[in-house]
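Here is a short report on one part of a structure.

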Amino acid sequence: MTNSMSNLVKILESFNPFVEEIDEKEIKITVSPDKVVAVLETLKANGYSHLSLMTCVDWIDDNQLELVYILFSWEDGGKFLVSTRIDRSNPKFVTVKELWPVARFYEREIHEFFGVEFEGNDDMKPLFLELWDERPPLRKDFDPRDYSRKKFPDREYEKDVIKEAKIFRGEING
Amino acid sequence: MGEVKLFFGPNHPGMHGNFSVHMYVEGDVVKRARPLPGFLHRGFEKLMERRYWYSNIALIPRICVPEPDINEACYAMGVEKIAKLEVPERAQWIRMIVLELARIANHLMAVGGIGGPIGLYTAPQWGTADRDRILDIFEALSGARVYHMYIVIGGVRKNLTPRIEDMIWKTMDYIESRLPDYENLIFKNRILHSRLKGRLILTREQALEMGVTGVGLRATGVEYDVRKVDPYLFYDKVDFEVPTATDGDAFSRVYLKFKEIPQSIKIIRQALEKMPQGDKVNVPVSKGSALRRIVPKGMAYVHIESARGEYGFFVVSDGKNKPYRVAVRGASYPQGLYGIEKYLPGTRIEDVPIWLATMDVCAPEIDR
């Protein structure tokens, strides 16, 4: 952990985080859902102003969804992974589009692929998929093979090769 | 004058892949713009969860078509970070050479490709022809021209032979000798100046607020390059500069890409000189055959500087022989979605393809 990063971790101690060191310059901070926005605001004010990625992981065995915000600092080159876990059966969270405008699109994507509702973000139209009629596809209980079998069933047909060859040779009329 | 709805794309010569923008125009001026991605959505993130760690190498170069090597590099580095795997030193230097060659190939195509949307049709021919010389190197190295699948978990697939090293030296000399011609043909051309100078200006505050990386950000005067700020591989052991500009317009963005080519050549030459000799270029992540290899539990985010900006992979492992989750940060996600909605209104119709070309909006990496 670099000096500036450990100083920041000390500042964040009031939020009661679980700190994990992935790498010298990469730290994962797990907090409860109600403290995420405050943690993100603190980090943004201290130089971690670039939202690299916002994503979601489906932990189906724990019945939880993990939201991960990856923040990067252009000044000291460190990365903070701010993570929180929300209930999987009724996933709801707050938007961070005031902090990072581009988060609006990440939230739309997570809504589409994981089914998370973001309060305050009213633009939740599908972004990538068209006419989707199943559960959100990046959830672990969605099986793409079953879906495509159901949606596009195998066609019943038997090819009569000998008849085709005869037509081709001109022996019979097709 | 009434408002008319126009469709840009899904097919257009000025961009990579299929991407659509719905424009509401009055006369020639765009009043509102709405990005419509999804034409190239192939579900890579789901597909990766269903394949073995090693078989994913064959799948992921397809995420970004013009510059495929960054995907393999990011994924491999992410897995190595979780598994705490030491990669042989020679393999890391070879990775650096491959990534810089890919950057030159992509920049040549971008510098040439700007001829498409502005109507300077010699440039694409030159760019594509010189890029082919680099694809020849890749063919000799990996057997494939576009999707190399050369960087694997734990190193690279094959060693760099003296014949290929010689080929790289010669090609670098050739491309360096071509650069003055490019300068004369493209960057002193009046068409390019009148179409790009002072157009589509992005200020530093706007770029940082939007989360733009790469040349779009460096054209506003900041030296923010992941290779310098958060060095990976051996970028801290080579000497190179990060070109910047202060105008923030479309011209300086294209010109910066051109100015990065000599820096990449410089890095490749240093890497070829500093690289240790040896045969060991890869190590397995665990014992057993490639399909049974497992990666310990953990998660990591790895990002590298692609030709278009920060490109990252977020990899999660649950200790099995397949990835639990892989998320991709496409470098053009901010400017391709938020940027179009926010900064295109007020510009003219003919500027829309210039935004997509100079900000490097790459549809396949947005859609995945």
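## Strands, core and contact

In chain B, strand 6 and strand 7 make a hairpin, with two residues between them. The model is a predicted one. Strand 6 covers residues 298-306 of chain B, and its pairing with strand 7 of chain B is antiparallel, over nine bridges. On the strand 7 side, B:Val316 is the bridge partner of B:Met299.

Strand 7 of chain B also pairs with strand 8 (residues 325-329) of chain B. These two run antiparallel and are joined by five bridges. Here B:Phe313 has B:Val328 in strand 8 of chain B as its bridge partner.

The table sets out the two pairings.

| Strands of chain B | Sense | Bridges | One bridge pair |
|---|---|---|---|
| Strand 6 and strand 7 | antiparallel | nine bridges | B:Met299 and B:Val316 |
| Strand 7 and strand 8 | antiparallel | five bridges | B:Phe313 and B:Val328 |

Is strand 7 of chain B buried or exposed? Nine of its nine residues, 309-317, are buried, so the rest of the structure largely encloses this strand.

Now the core. The largest nonpolar core has 154 residues, and B:Val79 and B:Val315 touch the most other members. Helix 4 (residues 89-113) of chain B supplies the largest share of this core, 15 residues. Which residues does B:Val315 touch? Leaving out residues up to four places away in sequence, they are B:Tyr75, B:Gly78, B:Val79, B:Ile82, B:Met299, B:Ala300, B:Pro323 and B:Val326.

Strand 8 of chain B holds B:Ala327. Why does B:Ala327 count as buried? A residue is buried at 20 or more C-beta neighbours within 10 Å. B:Ala327 has 23 inside 10 Å, so it counts as buried.

Last, the contact between the chains. Chain A gives 28 residues and chain B gives 27 residues. On the chain A side, strand 1 (18-23), strand 3 (50-59), strand 4 (64-72) and strand 5 (79-87) each give two or more residues. Strand 3 of chain A gives the most, six residues. By class, the side of chain A that touches chain B has 18 nonpolar, five polar and five charged residues.

Key:
Residues numbered from 1 in each chain as written. Chains lettered and ligands numbered in written order. Predicted model: local features only at pLDDT ≥ 70, side-chain atom pairs only at ≥ 80, totals over all residues. Core = buried A, V, L, I, M, F, W, Y, C linked by C-beta atoms within 7 Å. Buried ≥ 20, exposed ≤ 12 C-beta atoms within 10 Å, placed from the backbone. Helix = DSSP H or I, 4+ residues; strand = E, 2+ residues; numbered from the N terminus. Contact = placed C-beta atoms within 7 Å. Pairing = 2+ DSSP bridges. Nonpolar A, V, L, I, M, F, W, Y, C, P; charged D, E, K, R; others polar.
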